[in-house]
Amino acid sequence: MKVFGKIASIAALALSTLAFSSAAQSQDKPTAITIATEGAYAPWNFTGPDGKAAGFEIDLANDLCARMKIKCTIVIQDWDGLIPGLTAGKFDVIMASMFITDKRLKVINFSRPYAIDPSTFAVSKTSPLAKSDLTGKFNLNDEAAAEPVIDKMKPLLKGTVVGVQAATTNQQFLKKYFDGVVDIREYKTTQEHDLDLAAGRVDALFAQSTALAATLSKPEYASYTVAGPQFLGGVFGRGTGAGMRKSDTALLGMFNGAIAAAMADGTIKRLSMKWLKTDVTPPQ
Amino acid sequence: MFDLVGFGANGWGPALLRAALMTFALSAVGFLSGVALGALACFARLSGDRFARGAAFAYGALFRGVPDLLTIYLLYFGGSVALTTIGGWFGARGFIGLPGFATGVVALGVISGAYQAEVYRGAFLAIHRGELEAARAYGMSGLTMLRRVVAPQTLRYAIPGLGNVWQLVLKDSALVSVIGLVELMRQAQIGAGSTREPFIFFCAAAALYLVIAATTGALFRRVERVSRRGLRMA
Amino acid sequence: MDVGFLVDTLSQLMRGVPLTLELAATSVSLGFILALALALALETRRRFIVWPIRGYVATFRGTPLLVQIFLIYYGLGQFRPAIQALGLWGFFRAPFWCAILALTLNTAAYGAEIIRGGFQSVPHGQIEAARACGMSRLLAYRRIILPIALRQALPSYGNEIILMIKGTSLTSIITLLEITGIAQQIISQTYRAVEVFACAGAIYLAMNYLVAQLVAVLEYRLSPHLRAPDIETQAAIEGGLH
């Protein structure tokens, strides 16, 4: 026991002085932060062959960091590990096309929104939804206007197998309004449900419009199209924001200032036209 | 199709090879950590102390009974929390985290240590009791006996089992991809997702794993043959 | 320690146990049949049979299960038109069957090696005696070799069953909602990764402990010759010797 106890206590001591990775301190103004992104969500964020992240949010992150005059390192983290990783201190900010929702606000803080992109269905060109004439943008906060169109969509989508990314507001939307009407399949990444759409394992996808537009532009999706109304608000929250720990109040202020400046001088519009082919700047 | 994984301008070949190197490094360092942990656990298991024996048994049962995927997730998310708490006791402010490679190494070390403890235990029990008696009769201290009698023979009997555990570690390294470390599996996933050609990428990954497994397997068999020199066994 | 949350999580996770057991049991059974067939085929020692089997075993033992699952699910999904032409798309379309295929092929490779080891450990004297009694090869296999080989292989095969139960956790990556899949769903709603994964780990631990005990009982029942005789038999033996 004596020998064993000695070894055990030395090991514990050694473990506690192990490799440290620095993270921003909460109340003082940080000089270097780590931003996490998913890296599997083209064109917002994706990973190139060299292992580096690129895309709309990476360009925007670099721009915001230049405005805030701090050094930013961008790391890649799987979608469902973003919030647990943030609260565990593995990185300081999340910029991964994450919507600001009340549920998430219970656990983390968000900056003001830097993008608004509604979600919609991608279906086969021969499906009932594509052939119908339902369109328009609906804010789910206005239930009176949204519910009737959703009710009209239900018979058109009945029995369809819909792919959606797990742990997203898209999945929550399907569960809230279409549970029992469609067969919901949850995937770890959007790339995986794109692959299964091409393979025909799912008949439709539900995701953000810009992401769907980028996917469907590839040749293997020639027989699919974005169709039906687009939705925002409600379960989708208030748009895309940068996630931060609740204790990092100084960092939050810096980000809000930088985002406001980027919106004002049209940087967000320029970057979003470049990557997303549409302007996702939120209204002031 | 082959220029996707080739070495041309758009080829992912270099990336895949770098990732294979990362896989090998991760597995090697993880396996070596497992040697240390396994030896410690085996020592505890064979000691006279009841607590040590119970702890070692629990360690082995836990990490051989829980899926390795869950172990990796738990170490990834829980490790930072644990380290931050321990750091707090020593006065460190802010978060303390393990970088991805270190997390993978710790996970693989902990898992393979559990299996290696069994291998070492079996190997130790295969040593003839008479030798240990003779060593004691000669007045050898515990440490001398370990150095001169126990360790060489344990290693020799353990090598086949260790070869198996190495193959296990190599394959478990693919699971470390879920914490974002860019080893071979992750790189194949990135490539497959970006280019929408999963078949060629996963085939390339499988081929690279086979190459690593085959060459290291041959190495282990060579070491086994060398270790058996002069041994008259079945 | 939020006991209420842990209890709630455990009850939610238990809903994944049937699928986990289904995946494990189906793949282990099918894998055993395939492994037995392959091990018997390896006994023929004909090169054109042995080499392909050895290649298959080396491939499936040398590559990670995760790669195999991804290859079968996403990799083969790329060839949907060809598979549809063969009429097999209904099988490959479902994640469950893709998972079963991957798990079965994996466990069969390991199982073939285990059973082959079992064949090699049959004492040669028994085989000689069988031949001396005039048993045909088939009869010898059925009566003598297989029972002994399978009994010798039982500890290793029990280990393999436990590895398979652990392997089912990887199928969560292809949308199957077994224990790990449900755990990830819960985490996506509550963001409490450590507690949920710890609960999931506890459930797997309990299942594997049960399996290990069952295998130990089976080993005990199948090896009466290794145990001391009971009192009456002992007395009869001793009485006979005097």
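Is Arg45(C) buried or exposed? Arg45(C) is exposed, with 8 other C-beta atoms within 10 Å; a residue is called exposed at 12 or fewer such atoms, buried at 20 or more, and partly exposed in between, with C-beta atoms placed from the backbone. The structure is a predicted model, in which local features need pLDDT of at least 70 and side-chain atom pairs count only at pLDDT 80 or more, while totals for chains, interfaces and linings use all residues. Residues are numbered from 1 along each chain as its sequence is written, and chains are lettered from A and ligands numbered from 1 in the order in which they are written.

Arg45(C) sits in the loop between helix 2 (17–43) and helix 3 of chain C; helices (H or I, at least four residues) and strands (E, at least two) are DSSP runs numbered from the N terminus. The phi angle of Arg45(C) is near 60 degrees, a positive value in a residue other than glycine. A positive phi, of about 70 degrees, also occurs at Thr175(C), which is not a glycine. Thr175(C) belongs to the loop between helix 9 (137–167) and helix 10 (179–190) of chain C. Thr175(C) counts as buried, with 23 C-beta neighbours inside 10 Å.

Helix 3 (residues 47–62) of chain C crosses helix 7 (residues 95–120) of chain C at roughly 115 degrees, and their axes come within 9 Å. The axes are lines fitted to C-alpha atoms, for helices over the stretch in contact, and angles run from 0 to 180 degrees between N-to-C directions. On the side of helix 3 of chain C, the residues that meet helix 7 are Tyr56(C), Val57(C), Phe60(C) and Arg61(C). Their counterparts in helix 7 of chain C include Leu105(C), Ala109(C) and Glu113(C). Contact here requires C-beta atoms, placed from the backbone, to lie within 7 Å. By class, this contact of helix 3 with helix 7 of chain C has seven nonpolar, one polar and two charged residues. Ala, Val, Leu, Ile, Met, Phe, Trp, Tyr, Cys and Pro count as nonpolar, Asp, Glu, Lys and Arg as charged, and the others, Gly among them, as polar.

Between chains, 25 residues of chain C are in contact with 27 residues of chain B. Helix 3, helix 4 (65–77) and helix 11 (193–222) of chain C are the elements that give two or more residues to the side touching chain B. Helix 11 of chain C gives the most, with ten residues. The side of chain C that touches chain B divides into 15 nonpolar, nine polar and one charged residues.

Chain A is divided into domain 1 (19–116 + 239–276) and domain 2 (119–236), with bounds that come from an automatic or database domain assignment. The C-alpha centres of the two domains of chain A lie 26 Å apart. Eleven residues from domain 1 and twelve residues from domain 2 of chain A take part in the contact. The domain 1 side has nine nonpolar, one polar and one charged residues.

Chain A also holds an open sheet of three strands in the order 2-3-4, with antiparallel pairing; strands pair if DSSP finds at least two bridges between them. Strand 2 (40–41) and strand 4 (53–54) of chain A are the edge strands, each pairing on one side only. Strand 3 (residues 45–47) of chain A is joined to strand 4 by two bridges, and Phe46(A) has Ala54(A) in strand 4 as its bridge partner. Pro43(A) lies in the loop between strand 2 and strand 3 of chain A, and the peptide bond from Ala42(A) to Pro43(A) is cis, with omega near -5 degrees.

Key: Two residues are in contact if their C-beta atoms, placed from the backbone, lie within 7 Å.
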